[in-house]
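Hello,

Here is the structure we talked about handing over. My notes follow directly below it.

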Protein chains: 2
Amino acid sequence: MRVSTRFSDAIHLLAYLKIYADTKLTSDAIAASIETSPVVVRRIMSQLRRAQLITTIPGTAQPQLAKPLDQISLLNVFYAVEGDKPLFAVDPKTNPQCIVGGNIQSVLSQYYQDAQTAAEARLAKTSLQDIVDSLLVEQAKQDAHQ
Amino acid sequence: MRVSTRFSDAIHLLAYLKIYADTKLTSDAIAASIETSPVVVRRIMSQLRRAQLITTIPGTAQPQLAKPLDQISLLNVFYAVEGDKPLFAVDPKTNPQCIVGGNIQSVLSQYYQDAQTAAEARLAKTSLQDIVDSLLVEQAKQDAHQ
DNA sequence: ACCTCCTGTAACTATTATGATTACTGTGAT
DNA sequence: ATCACAGTAATCATAATAGTTACAGGAGGT
């Protein structure tokens with residue numbers, strides 16, 4: 001499949017809301033930054049709104065962060081847009097008559113869950129404020145090298 | 001896209017080689033357990049062979065594990081079949097003129113790498129022997145409940 | 001009231017990663 | 001020589017994703 005960039009785009013969007021808070025925050029403007037379509041932006045915003053990470057007002061270009069960025073972790077964003085989608089996929093269709101095929105799903109699910117939890121714990125440790133800070137540092141580096 | 005189950009299928013295959021070592025290990029027989037086609041099985045075996053996890057002899061149905069199962073971690077298998085494919089995808093096409101769009105890739109790559117490393121560390125802690133042991137325990141449970 | 005800009009969503013299309021299939025070459029054992 | 005099988009390239013089918021089109025409706029200015 002095409003690899004999903006929705007998680008990355010959602011982080012991008014939220015950082016944009018903060019850094020460009022003083023500009024017109026239309027889905028068009030945000031889409032220009034992500035280089036996607038306004039509809040895709042509104043779709044992502046819809047998921048972020050349902051997860052209560054932002055608030056919006058229909059008809060007006062005033063999306064707002066629902067809480068301070070240091071209180072939103074990458075894991076919050078991940079859950080908002082990807083739900084509980086597993087990082088590692090179990091093959092659901094195997095031969096139940098076989099010792100391996102009949103038990104592999106439940107066994108792998110456990111170990112996969114452990115690995116995913118480890119990754120999620122790391123995501124939980126990073127806040128969007130960290131991302132914004134890093135973005136500004138990177139930008140300053142670029143400016144200095146010109 | 002269709003979600004990739006190659007990692008799971010590769011683990012399945014290796015566990016099958018161990019548990020059914022006394023049977024005819026044709027790609028057909030293994031395919032019946034995974035419920036896929038023999039060609040897919042041979043493709044996965046090809047990757048496992050290149051990663052030196054198994055040895056095979058062309059023309060004969062004698063795939064062999066290249067080392068004891070407790071010396072093969074899930075991470076070894078993951079690398080064998082998925083390479084260094086990232087778990088989280090960065091959106092490569094964003095507006096470089098924007099503070100966010102121009103720096104988000106390098107920033108996210110760092111944090112994503114941290115999360116992936118955490119997951120991989122967990123995969124490295126589990127060996128295929130652990131998987132086989134778990135499979136046999138699960139099977140024993142099923143047998144007991146009949 | 002009307003117009004304009006915008007959001008929110010549904011429906012559809014295009015793209016592409018994946019597994020499945022087909023077809024073939026070549027090896028090893030009997 | 002024949003048979004069973006591995007190995008692999010090429011092609012097809014499926015499905016997850018982003019992108020697009022279309023339209024209903026809100027907010028605010030005139």
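Two salt bridges link chain B and chain A. A salt bridge here is a side-chain nitrogen of Lys or Arg within 4 Å of a carboxyl oxygen of Asp or Glu. One joins A:Arg122 to B:Asp114, with the closest N and O atoms 3.5 Å apart. A second pairs A:Asp114 with B:Arg122, at 3.5 Å, N to O. That pair runs from helix H5 of chain A to helix H5 of chain B. Helices are DSSP runs (H or I, at least four residues), numbered from the N terminus. A:Asp114 is partly exposed at 33% relative accessible area, and B:Arg122 is partly exposed at 25%. Buried means under 20%, exposed over 50%, partly exposed in between (1.4 Å probe, protein chains only).

A word on the basis. This is a predicted model, in which local features need pLDDT of at least 70, side-chain atom pairs count only at pLDDT 80 or more, and totals for chains, interfaces and linings use all residues. Residues are numbered from 1 along each chain as its sequence is written, chains are lettered from A and ligands numbered from 1 in written order, and side-chain values use heavy atoms, without hydrogens or water.

The interface next. It takes 57 residues from chain B and 57 residues from chain A, where contact means heavy atoms within 4.5 Å. The buried area is about 4,900 Å², with 65% from carbon and sulfur atoms. That is the accessible area (1.4 Å probe) lost when the two parts are put together, summed over both.

On symmetry, a rotation of 180° with 0.0 Å of shift along its axis puts chain B on chain A, at RMSD 0.1 Å. This is the relation of a two-fold axis. The same surface serves both copies, since 100% of the contact residues of chain B recur in chain A. The superposition is by least squares on C-alpha atoms of residues with pLDDT of at least 70 in both copies.

Over all chains, the count is six salt bridges. Two lie within a chain:

- A:Lys85 and A:Glu82 meet at 3.5 Å, N to O. A:Lys85 is partly exposed at 39%, whereas A:Glu82 is buried at 15%.
- B:Glu138 and B:Lys141 have their closest N and O atoms 3.3 Å apart. They sit three residues apart in helix H6 of chain B, so about one helical turn separates them. B:Glu138 is buried at 17%, and B:Lys141 is partly exposed at 45%.

Best wishes

Methods: Helices (H or I, at least four residues) and strands (E, at least two) are DSSP runs, numbered from the N terminus.
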